[in-house]
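Please read it alongside the structure.

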Amino acid sequence: MEFHKRSLLSLLPVIASILFFFLKFSIKTAPSGCSLLHDNHYWISSKRIVTQDGVISGAVEIKDGKVFSLVKEEDWHGYIRKGQIVDFGEAVVMPGLIDVHAHLDDPGREEWEGFPSGTRAAAAGGITTLIDMPLNSEPSTISEETLKLKINAAKNRIFVDVGFWGGLVPDNALNATALERFLRAGVLGLKSFMCPSGINDFPMTNITHIKEGLSVLAKFKRPLLVHAEVQQDFADKSVKDDKKDARLYSTYLETRPPSMEEAAIRNLLTVSENTRAGGPAEGAHLHIVHLSDAQSSLNLLKNAKARGDSISIETCPHYLSFSADEIPDGDTRFKCAPPIRDAENKEKLWEALRGGDIDMLSSDHSPALPDLKLLQQGDFLKAWGGISSLQYVLPATWTSGRKYGVTFEQIASWWSEKPAKLAGLPLKGSIAVGNYADIVAWEPETDFDLDQNHPSYFKHPSISAYVGRKLSGKVLATFVRGNLVYKEGKHAPAACGNRLLAK
């Protein structure tokens, strides 16, 4: 008996080696629920591939989740190739979108959105990476402990890659040790509000908090994202005194004039100079989220950039697609902060974006329960603010941008390349050899009516301001790290997106 035991024990290493080899081989070659395409070595071909060197006709070789080679059409026929060819013909193939500003409200408010529905919508919209905001989840992500809750909530529940911004609030801003621990835990940067956020555990910061936050961020070379509005008493007072109709969009617009953005930015610029080369916060970066005011506020930021302050600016498709004069009375789907302004301001935003003064775009997808939008009452002053748009941002950008001569290369810059840089994701943002194969294929010439019958995947599409519009630009397929996660109405069975943590 002892002999048999010893013989069996002596065979265990051999059995373990065989089992390890079998599992390794099986994992690599077996069809996976992560992808609708079962090959890990294949080609994507198209007449219009957006690369760092312009739009080419040719093919992208994908191997083990990354771009292995790029071949122009003239070299294609003589090229020795292996694997399946996924041909998109005349469709545009470009880097997947990176949305640096989305609220998925998970954990704690999954009834508002949640990781599964939000990332399905992202995939259907050509977004391959999104960075989740630290609010409106419950609790807000403002510490190492609450970040762990967020990371655990995302496990096996995301269809695209997801990173996390942390919150800069008074409680952590003046505690450098806690803030450093928070950053080491993996948040890609911090976000703060200069006005009330509407969320109890995410209070607003003052300029002292922001200055201290920048000094800590400098050590990690990560950005601070700021909601740049400050409260001004005269705005609310004028509405109350005149007893204006809360169903009028103009009433709400008066409560958040451009001067709120301008005053916040003037305040920020007293500390942004610290981010210059040689400054005490060199290495930190200030990012202005969802800029709406294209006049005084933008001019202040342009001048600060010219002086060497490390600043970037985003705006959103809803500021580029809509104007105040077209918002119907009582249609609170359009309420957001800062607000959508007049048609002249919209034109100036487009001019700034095309000219490079505004760096990038984001969705600021900010959903809520339909009841909170008060659609029946139509009260702009009491309704919850936020535009739901995650799935529609690519066609929305293209639909509005075509008349300005926007190019595919510009869209890739605004939605992929520059967001990747902001979030510190060096292997994302472009179709280049060695990068992750994060790719969207879409038909810019295809129009569709965004009505109640259109398949939408985020949780409450009826509250989106885009419903009822005709848009151009149909997303055909979305690849995340080589996995085909979405193809014309069908998602991969398994949620295999990666959680992105800073190192």
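1. Lys474 is partly exposed at 34% relative accessibility, the class between buried (under 20% relative accessible area) and exposed (over 50%), computed with a 1.4 Å probe on protein chains only. Glu488, at 48%, is likewise partly exposed. The two residues form a salt bridge with their closest N and O atoms 3.7 Å apart; the term denotes a side-chain nitrogen of Lys or Arg within 4 Å of a carboxyl oxygen of Asp or Glu. The pair links distant parts of the chain, 14 residues apart: Lys474 belongs to strand E16 (residues 469–480), and Glu488 to the loop between strand E17 (483–487) and strand E18 (490–491). Helices (H or I, at least four residues) and strands (E, at least two) are DSSP runs numbered from the N terminus.

2. This is a predicted model, in which local features need pLDDT of at least 70 and side-chain atom pairs count only at pLDDT 80 or more, while totals for chains, interfaces and linings use all residues. Residues are numbered from 1 along each chain as its sequence is written, and side-chain values use heavy atoms, with hydrogens and water left out.

3. The structure holds 21 salt bridges. One of them joins the side chains of Lys47 and Glu73 at 2.8 Å, N to O. Lys47 lies in strand E1 (residues 41–51) and Glu73 in helix H2 (residues 73–76), so this pair ties together parts 26 residues apart in sequence. Lys47 is partly exposed at 38%, as is Glu73 at 30%.

4. Within helix H6 (residues 176–184), Glu180 and Arg184 are 4 residues apart, about one turn of the helix. Their side chains meet in a salt bridge of 3.4 Å, N to O. Glu180 counts as buried at 14%, whereas Arg184 is exposed at 57%.

5. A network of salt bridges links Asp161, Lys428, Asp438 and Arg481.

6. An open sheet of 6 strands has the order E9-E10-E11-E12-E13-E14, with parallel pairing; strands pair if DSSP finds at least two bridges between them. Strand E9 (166–167) and strand E14 (360–361) are the edges, each pairing on one side only. Strand E13 (residues 311–315) is joined to E14 by 2 bridges, and Thr315 has Leu361 as its bridge partner in E14.

7. Helix H11 (residues 296–306) packs on the sheet, touching E12 and E13, and its direction makes about 150 degrees with that of E13. Contact means heavy atoms within 4.5 Å; axes are lines fitted to C-alpha atoms, for helices over the stretch in contact, and angles run from 0 to 180 degrees between N-to-C directions.
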